[in-house]
Amino acid sequence: MAIIHSFQSYLNLRSHTHGHSTHHRLTTISRCKPKLNSISLIACSSSSSSSSHSNALLFEAAKHTVDTYVESGMVVGLGSGAASSLAIHYLGQKLSVGQLKDVVGIPTSVGSASDAAKAGVPLHQYQHSLQIDFTFNDADIMEEVSLNAVIGRQRLEGDESIIEEKKILDVTKNLVLMVTEKQYKSGVEGSIPVLVNSVGWMETAEEIDDLFVGDAEVWRRACIGRGHAGPTGGEFPVVTREGHNVLDVIFTSPIPNLAEVAKLLDNIDGVAGHGIITKTPCRAVIAAQSGLCIIDNATTTVNNY
């Protein structure tokens, strides 16, 4: 009851404008948003399709990330997602021509391990005592200024693991998250994946639903292309390799504070993990049509390219 009351009190802040309310915080963040329209132009063909143009922007983000932050001799966490895949292949090219040497990659997923093998990036499995110098990763959506983010919305079939991915992101010395301009939001919207113990999953789902009542719907994720899916996941719910079910907590209004939601989820019995990333220091490489914007949440610096 204390957790539920805490969140309800927290939600009430959004309807007030006095004191240090959440509404005031969001207004402040909006003023702090970097002027992405002023960034210098990336060269791409104006006749390219939307998809190829998006890939070109992501490649610029991936290239900048590898060129700026990866050095010879590093142990590098290899992220998951479209931009990370491009970064892995670009890293492999730099290793193949000798521009970088003695780099070892730690894959965050089966997909990133496959990309690294194809690109010729030497791999090592993560071990608890291993020091990871730098990690890059995609984010599905990112909160302005704080750079708190959500992963695991689209990925995460049985072979993938949010727990493993987050473990590598948490222990890395330096983290860069790559997103597009559209994914950088003052109010994060949409779903947050939550991993729950398979035994008693419905009770956990009901507790989450009660916690965010009126603001979110809770659905158990179903395997893609396998029968009819519904709120309970149908006949073929996703089961992760650790044996967890995946709940998609789908928020119907903007979330004013991802870190607060993460704390509330962490306090629920039966929750084994979730897709919210909160890390300082962290940098964001934001790919916009007009160029790149680099933001550091530890120093609040913004650099445009």
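In the predicted model, the buried residues of helix α4 are Ala83, Ser84, Ser85, Ala87, Ile88, Tyr90, Leu91, Gly92, Lys94 and Leu95. The helix covers residues 82-96, 15 residues in all. From first C-alpha to last it reaches 22 Å, close to the expected 21 Å. Gly98 follows α4 and has a positive phi, near 85°.

Strand β13 (residues 283-288) has five of its six residues buried, so the rest of the structure largely encloses it. Two pairings involve this strand. With β6 (residues 174-180), β13 pairs in the parallel sense over five bridges. Here Val176 stands opposite Arg283. With β14 (residues 291-296), the pairing is antiparallel and runs over six bridges. Ile286 stands opposite Cys293 in this case. Two residues separate β13 and β14, which form a hairpin.

The largest pocket has a volume of about 250 Å³. It is lined by 11 residues, of which His53, Ser54, Leu57, Lys182 and Gln289 are the closest to its centre. Helix α3 (50-69) and β13 each give two or more residues to this lining. The largest share, five residues, comes from α3. By class, the lining holds four nonpolar, five polar and two charged residues.

The second largest pocket contains about 210 Å³ of space. Its lining has 15 residues; Ala82, Asp138, Ala139, Asp140 and Gln183 are the closest to the centre. At least two lining residues come from each of α3, α4 and β6. Strand β6 gives the most, with three. Six of the lining residues are nonpolar, five polar and four charged.

Note on methods. Residues numbered from 1 in each chain as written. Predicted model: local features only at pLDDT ≥ 70, side-chain atom pairs only at ≥ 80, totals over all residues. Heavy atoms only, no water. Buried < 20%, exposed > 50% of the residue type's maximum accessible area, 1.4 Å probe, protein only. Helix = DSSP H or I, 4+ residues; strand = E, 2+ residues; numbered from the N terminus. Pairing = 2+ DSSP bridges. Expected span 1.5 Å × (residues − 1). 1 Å grid on protein atoms, 1.4 Å probe; cavity = no way out; pocket = protein on both sides within 12 Å on 5 of 7 lines; lining within 4 Å. Points joined across faces, edges and corners; volume = space filled by probe spheres on them. Nonpolar A, V, L, I, M, F, W, Y, C, P; charged D, E, K, R; others polar.
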